[in-house]
Amino acid sequence: MQRVTTPWTPSEVSASGQVFEFRLWAALIEQSRSLLHVFLPLSDRGIDALLHRLTDDAYVPIQAKGRSELDHSGQVRLVVWADSPTDDKALIVSGLEVEGGLGPTTMVVSERDFKRLALLSHDRERAVYGMSFGMRPRARSRWFPYLVPTERLVERLGITPANLTLAPAPQPRPMWRSDLGFLGEAKVTVLLAESGALNLFRPFPDLETSELAVLHLDSRRVLGIQVKTRSIDAAHPDATVSVLASSFRPSPTTYFTVLAWLREERRFHEECLFIPSHDFRGLAHPEDPAGHLKFDWRPLSKKEHRLDPYRRQLSDLSVDIQGELTAKLLPCLRGSTRRSRGMGPID
């Protein structure tokens, strides 16, 4: 295969940025031995990825800023709109894209520290932050504490050699989703995307329980969503909901959403279930011989049932998820429908 050795042209800047991002995601998955799961956004609203760190169940927002060449002084040069970094806890990860990989040094810095240390200037009437760093860091540089050898990148993201030594054994991969399962995921995605307060992410690759990560743009809190879709009709009104016990990992930040597809009417039932993953095992029957945890659900049953606390109107699902994500905020922030913040960098 012919190697591409010529520099990226100005018209190829976007493609160059994508190359850097995917090389970065691959490096993080490889170095962490899958203790970091990468969730990528379904729409560009300022965060390039959420890293789900399995050691403590945290979701880490990432802004990836790569450069394909060094400036005249031999350094990576970054210039960022001053109103772009809006989440002080998000991490900016920046480095050099080289032939076939990443440069030897990478910067990992919180947006709070970036704004504190970068130089503030103006591009015409708009404020910008500027900074630069070299591939051979010098201790006297203000950026030195935030520079790391690329092969040890995950250490700056909370994955230590001890974590890797004690990494859990590989679990069974999720089963391939049926067309019906994909339809349910698409329905939930559309319902949540209608809210301007939520940013949605999908895992790449799909290695865990959560099929969607939902970031609230005000609270900056994240929920992982697993979508279960079951088909029912008049002759078969009960939906059996199940998970594989060996791969089930309950978490305070993971919820199950269960939808019912009406076969004869070819539409979704108005009712759904919204269940914290920590409650799932308590609702299920004892593990069956095939290793599954199961329970039955009959939408809109008039009989009192232990599932009643989890019943929701499907049309209200977005409101319920926003409620979970803003539970500790002031009431005036709940239900916000704020639109995208325009967090694009200058390239």
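**Entry 1: a salt bridge to start**

I started with Glu 155, which comes out partly exposed at 35% relative accessibility. This is a predicted model, so I am reading computed geometry throughout. The partner I looked up for Glu 155 is Arg 152, and the two form a salt bridge with their closest N and O atoms 3.2 Å apart. Arg 152 is also partly exposed, with a relative accessible area of 42%.

**Entry 2: other charged pairs**

Side chains of opposite charge can pair when their charged atoms come close. I then asked how many salt bridges the count comes to. It comes to 17.

Is Asp 233 buried or exposed? Asp 233 has a relative accessible area of 17%, and the cut-off for buried is under 20%, so I filed Asp 233 as buried. Arg 263 is partly exposed, with a relative accessible area of 34%.

Next came Arg 312 and Asp 320, which meet in a salt bridge at 3.4 Å, N to O. Arg 312 has a relative accessible area of 24% and is partly exposed. Asp 320 is partly exposed too, at 22% relative accessibility. I also noted a network: salt bridges with shared partners join Asp 88, Arg 112 and Lys 115.

I moved on to strand S12, residues 222-232. Nine of its eleven residues are buried, so S12 is largely enclosed by the rest of the structure.

Which strands does S12 pair with? Strand S11 (residues 212-216) pairs with S12 in the antiparallel sense, over four bridges. Strand S14 (residues 254-262) runs parallel to S12, and nine bridges join them.

I checked one residue pair for each. Ala 213 stands opposite Gly 224 in S12. Thr 229 has Leu 259 in S14 as its bridge partner. The hairpin of S11 and S12 has five residues between the strands, and there I found Arg 220 with a positive phi near 65°.

**Entry 3: aromatic rings**

The count of aromatic pairs comes to ten. One of them is Phe 39 with Tyr 59: the ring centres are 6.0 Å apart and the planes stand at 70°, so I logged the pair as edge-to-face. Phe 39 lies in strand S1 (residues 36-41) and Tyr 59 in strand S3 (residues 58-67), so the pair ties together parts that are 20 residues apart in sequence. Phe 39 counts as buried at 0% relative accessibility. Tyr 59 counts as buried as well, at 12%.

I then looked at Phe 248 and Phe 256, an aromatic pair with 6.0 Å centre to centre and 45° between the planes, which is tilted. Phe 248 is buried at 5% relative accessibility, and Phe 256 is buried at 1%.

Phe 114, Tyr 129, Trp 143 and Tyr 146 form one aromatic cluster. Arg 126 lies over the face of Trp 81, at 3.7 Å from the ring centre.

**Entry 4: the largest nonpolar core**

In soluble globular proteins, nonpolar side chains tend to be buried together. I went to the largest nonpolar core here, which has 24 residues. Which of its members touch the most others? They are Leu 24, Trp 25, Leu 28, Leu 51, Ile 62 and Leu 157.

I sorted the core by element. At least two residues each come from helix H1 (13-32), S1, strand S2 (49-53), S3, strand S5 (91-98) and strand S6 (101-110). H1 gives the largest share, six residues.

Last, I listed the contacts of Trp 25, leaving out residues up to four places away in sequence. Trp 25 touches Val 38, Leu 40, Asp 48, Ala 49, Ile 62 and Ala 64. Ile 62 is on both of my lists, as a contact of Trp 25 and as one of the core members that touch the most others.

Notes: Residues numbered from 1 in each chain as written. Predicted model: local features only at pLDDT ≥ 70, side-chain atom pairs only at ≥ 80, totals over all residues. Heavy atoms only, no water. Buried < 20%, exposed > 50% of the residue type's maximum accessible area, 1.4 Å probe, protein only. Pairing = 2+ DSSP bridges. Phe/Tyr/Trp six-rings, centres within 6.5 Å; stacked < 30°, edge-to-face > 60°. Lys NZ or Arg CZ within 6 Å of the ring centre and 35° of its normal. Salt bridge = Lys/Arg side-chain N within 4 Å of Asp/Glu carboxyl O. Core = buried A, V, L, I, M, F, W, Y, C linked by side-chain atoms within 4.5 Å. Contact = heavy atoms within 4.5 Å.
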